[in-house]
Amino acid sequence: GNEAWGLVAAIDAGLTRVAQALQAHCADVLGRELSDRTPALACLPLSDAAEAAEEAPAGATDQELSDFYATWRRSALRLVHFLGPGERARCVLRPRGDVRADGGAREFAVPARPNTLVIARLDTLEYELEEVEDDETCWMQCFLMGPAQV
């Protein structure tokens with residue numbers, strides 16, 4: 001009902017506040033400005049069959065694929081706000097390629113507990129959510145992006 005939409009709007013507004021706070025520092029840290037944010041996406045776990053169907057969408061037009069690729073290519077940071085109700089899933093961040101953070105750590109595991117916010121730098125970290133079958137975890141996410149090419 002309206003209460004659920006109010007919660008979604010509040011979390012979306014929180015992601016916007018985080019994005020605005022980060023934008024002031026992105027040029028120094030990332031070496032490029034971030035000017036845009038994707039709309040927030042509310043995510044729910046899928047069954048294995050539903051997930052397999054989602055990974056191979058049929059009928060995407062060339063324009064839809066082009067738009068998706070342009071957005072993906074501009075993305076620099078991934079913001080994920082975990083909502084629960086589950087508390088046993090974990091977010092795993094692994095260095096991409098030869099990039100090693102924190103003195104050589106191979107991966108970082110963050111419990112995906114309610115109200116946890118993860119910010120992942122996409123050029124240096126691979127993101128994976130390891131869900132637990134009987135412990136449903138929901139989340140909202142968005143991506144911060146560089147300016148569109150004109």
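What is the relative accessible area of Arg94?

Analyst: Arg94 has a relative accessible area of 26%, so it counts as partly exposed (buried means under 20%, exposed over 50%, and partly exposed in between, with a 1.4 Å probe and protein chains only). Before going on, please note that this is a predicted model, where local features need pLDDT of at least 70 and side-chain atom pairs count only at pLDDT 80 or more, while totals for chains, interfaces and linings use all residues. Residues are numbered from 1 along each chain as its sequence is written, and side-chain values use heavy atoms, with hydrogens and water left out.

Let's begin with the partner of Arg94. Arg94 makes a salt bridge with Glu130, and their closest N and O atoms are 3.6 Å apart (a salt bridge is a side-chain nitrogen of Lys or Arg within 4 Å of a carboxyl oxygen of Asp or Glu). Arg94 sits in strand S4 and Glu130 in strand S7, so this pair links distant parts of the chain, 36 residues apart (helices, H or I with at least four residues, and strands, E with at least two, are DSSP runs numbered from the N terminus). Side chains of opposite charge can pair when their charged atoms come close.

Glu130 has another partner too. Arg90 forms a salt bridge with Glu130, with 2.6 Å between the closest N and O atoms. Because Arg90 belongs to strand S4 and Glu130 to strand S7, the pair ties together parts that are 40 residues apart in sequence. Arg90 is partly exposed, at a relative accessible area of 30%, and Glu130 is partly exposed as well, at 25%.

Three strands make an open sheet in the order S5-S4-S7, with antiparallel pairing (two strands pair if DSSP finds at least two bridges between them). Strand S5 (108-111) and strand S7 (125-130) stand at the edges with a single partner strand each, so one side of each has no neighbour in the sheet. From one strand to the next, the twist averages 20° (axes are lines fitted to C-alpha atoms, for helices over the stretch in contact, and angles run from 0 to 180 degrees between N-to-C directions). Strand S4, covering residues 90-95, is joined to S5 by four bridges. Within that pairing, Val92 has Ala109 in S5 as its bridge partner.

Elsewhere, strand S3 (residues 75-85) pairs with other strands. Nine bridges join S3 to strand S8 (residues 137-145), and the two run antiparallel; here Gly84 stands opposite Cys138. S3 also pairs with S6 in the antiparallel sense, over five bridges, and in that pairing His81 stands opposite Leu117. Nine of the 11 residues in S3 are buried, which leaves this strand mostly covered.

Arg121 forms a salt bridge with Asp123, the closest N and O atoms being 2.7 Å apart. Arg121 is partly exposed at 25% relative accessibility, and Asp123 is partly exposed at 46%.

In strand S8 you will find Trp139, which counts as buried because its relative accessibility is 11%. Leaving out residues up to four places away in sequence, Trp139 touches several others, including Leu41, Pro45, Val80, Phe82 and Leu129 (contact means heavy atoms within 4.5 Å).

Finally, a step back to the protein as a whole. The protein has three helices and eight strands, and from the N terminus on its elements run α-β-β-α-α-β-β-β-β-β-β. Of its 150 residues, 30% are buried. Among contacts with a separation of 6 or more, 82% involve residues 24 or more positions apart. The accessible surface comes to about 9900 Å², with 53% belonging to carbon and sulfur atoms (areas come from the Shrake-Rupley method with a 1.4 Å probe; for residues, only the protein chains shown count as cover).
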